[in-house]
Amino acid sequence: MTISSVAFHLARLRRDERGGILVLAALLFPILTGLSAVAIDYASLVKRRAELQRAADSGSIAGVNQFKLANADDAAAIRTAKAMALAQARSGNAAPPAVTAEILNNHSGVRLTLTEQVALSFGKLLNTPSLEVSVTSTAKLAGTEAEMESDVEATFSACFGAPFL
């Protein structure tokens, strides 16, 4: 092969545009796969937060309803609120969420907080195997009716330097 034939083949290769989309697809595939993985993990976090919020709401209402009973005390209301929240928050996870309950203003309300470490499917690849999700619910007695006040305080740890929510 002479130098002129090598130059001719290189010039022909430079002009040939066939297969250009293959290079573009090969470069974009990892980016699209990563964005899809983040979207799946984000959706699972939002779903679990909603489940925990429903459980916290149920628990706080059950706890405040204990004060309508004649012989109810703070311990019974807290025990009922925690039991209801744990029953509602069941999931496939091995560990149940951490539940804290407190009585407000001398038997007028119950505040319940649920906190759970949610495992991420693809976060392990980014050295973030799980994130903490925390929700709070407050139920107060108003006259003879239970009044619901849902304080959504969901906190997600930061991923990629930006918060999830």
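## A nonpolar patch on the surface

In this predicted model, Ile 21, Leu 22, Leu 24, Leu 28, Ile 31, Leu 32 and Leu 35 make up a nonpolar patch on the surface. Together they have about 730 Å² of accessible area, found by the Shrake-Rupley method with a 1.4 Å probe, where only the protein chains shown count as cover for residues. Patches are built from residues with over 30% relative accessible area and no salt bridge; nonpolar side chains (Val, Leu, Ile, Met, Phe, Trp, Tyr) are joined within 5 Å, like charges within 9 Å.

Take Leu 35 as an example: its place is in helix H2. Helices (H or I, at least four residues) and strands (E, at least two) are DSSP runs, numbered from the N terminus. Leu 35 has a relative accessible area of 55%, so it counts as exposed (over 50%; buried is under 20%, partly exposed is in between, with a 1.4 Å probe and protein chains only).

## Salt bridges around Glu 51

A salt bridge is a side-chain nitrogen of Lys or Arg within 4 Å of a carboxyl oxygen of Asp or Glu. By this rule there are four salt bridges. Which residues are linked in a network of salt bridges? They are Lys 47, Arg 48, Glu 51 and Glu 116.

Glu 51 pairs with Lys 47, their closest N and O atoms being 2.8 Å apart, and with Arg 48, where the closest N and O atoms are also 2.8 Å apart. In helix H2, Lys 47 lies four residues from Glu 51, and Arg 48 lies three residues from Glu 51. An α-helix has 3.6 residues a turn, so residues three or four places apart point the same way. Lys 47 is exposed at 51%, Glu 51 is partly exposed at 21%, and Arg 48 is buried at 5%.

## How helix H3 sits

Helix H3 covers residues 74-88.

Which residues of H3 are buried? They are Ala 76, Ala 77, Ala 81 and Ala 85. Seen down the axis, they fall within an arc of 155° (taken from the directions from the helix axis to the C-beta atoms), so they line one face of H3. These buried residues pack against helix H2 (20-65), strand S1 (98-104) and strand S2 (109-119), contact meaning heavy atoms within 4.5 Å.

## About the model

Residues are numbered from 1 along each chain as its sequence is written, and side-chain values use heavy atoms, leaving out hydrogens and water. As the model is predicted, local features need pLDDT of at least 70 and side-chain atom pairs count only at pLDDT 80 or more, while totals for chains, interfaces and linings use all residues.

Notes:
The expected span of a helix is 1.5 Å times one less than its number of residues.
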